Amino acid sequence: MSADLFEGEEYELVTPPSDLRKKVRIMNKREAAKFDPVKAAEIALERLSQNFGGWMSNEAAELMAAWDVVQSEGLTAENLDTLYQSAHNIKGQALTLGYPLVGSVAASFCRLIETVPSPSALPLPLVEQYVVAIRAMVAEGAKDDQNETGSALLDRLTEVTEDYLARLEK
């Protein structure tokens with residue numbers, strides 16, 4: 001590569017404020033041979049898992065708050081975006097936080113929002129059912145398909161959503 005390529009362009013070389021190598025302890029060969037990064041990650045995840053329920057409750061509360069704004073101000077593009085982002089966050093974090101069933105409900109909810117042609121085409125009673133279902137499932141600890149009520153709720157919400165979306169396409 002030619003040095004002429006960047007001639008005349010201004011750039012700034014950014015130097016990190018601290019050398020991260022000073023923050024890391026170098027293992028000796030014996031320690032390195034015994035180190036299992038997967039096991040270390042599992043141990044760290046186990047320590048963090050004590051917080052998962054609280055984090056999921058916070059996500060559900062944010063979704064509920066977004067729904068409250070929709071109810072009080074109406075369904076605007078901005079309010080819908082906030083509602084969608086909350087559902088999308090739950091969808092993305094649910095499996096890691098130990099709530100795969102809630103993640104599936106949030107995924108179905110996101111599909112509904114993504115697929116409708118405009119905010120006015122979004123059926124608010126169905127939106128409310130999703131929000132309430134997610135909040136209730138998190139509060140009741142309906143984490144996976146072993147929870148029959150949560151699984152039935154997921155199936156029904158998905159069925160109603162797919163039926164509604166199919167009717168929109170006609």
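1. A helix crossing is called left-handed if the near helix is turned anticlockwise from the far one by less than a right angle, and right-handed if clockwise. By that rule, H5 and H6 cross in a left-handed way. Helices here are DSSP runs (H or I, at least four residues), numbered from the N terminus.

2. A word on the source: this is a predicted model, where local features need pLDDT of at least 70, side-chain atom pairs count only at pLDDT 80 or more, and totals for chains, interfaces and linings use all residues. Residues are numbered from 1 along each chain, and side-chain values use heavy atoms, with hydrogens and water left out.

3. H5 packs on helix H6 (residues 124-140) at about 165°, the axes lying 10 Å apart. The pair is therefore roughly antiparallel (angles over 145 degrees). Contacts (heavy atoms within 4.5 Å) involve Val105, Phe109 and Leu112, among others in H5, and residues of H6 including Tyr130 and Ile134. By class, this contact has 13 nonpolar, one polar and no charged residues.

4. Now look at the other neighbour of H5. The axes of H4 (residues 77-93) and H5 (residues 100-115) come within 8 Å and cross at roughly 145°. This crossing is left-handed too. Among the residues making the contact are Leu83 and Tyr84 of H4 and Ala106 and Phe109 of H5.

5. Where does Leu83 reach? Setting aside residues up to four places away in sequence, Leu83 touches Leu63, Ala66, Trp67, Val70, Phe109, Val127 and Val131.

Notes:
Axes are lines fitted to C-alpha atoms, for helices over the stretch in contact, and angles run from 0 to 180 degrees between N-to-C directions. Helices (H or I, at least four residues) and strands (E, at least two) are DSSP runs, numbered from the N terminus. Angles under 35 degrees count as roughly parallel, over 145 as roughly antiparallel, 65 to 115 as roughly perpendicular and the rest as oblique. Ala, Val, Leu, Ile, Met, Phe, Trp, Tyr, Cys and Pro count as nonpolar, Asp, Glu, Lys and Arg as charged, and the others, Gly among them, as polar.
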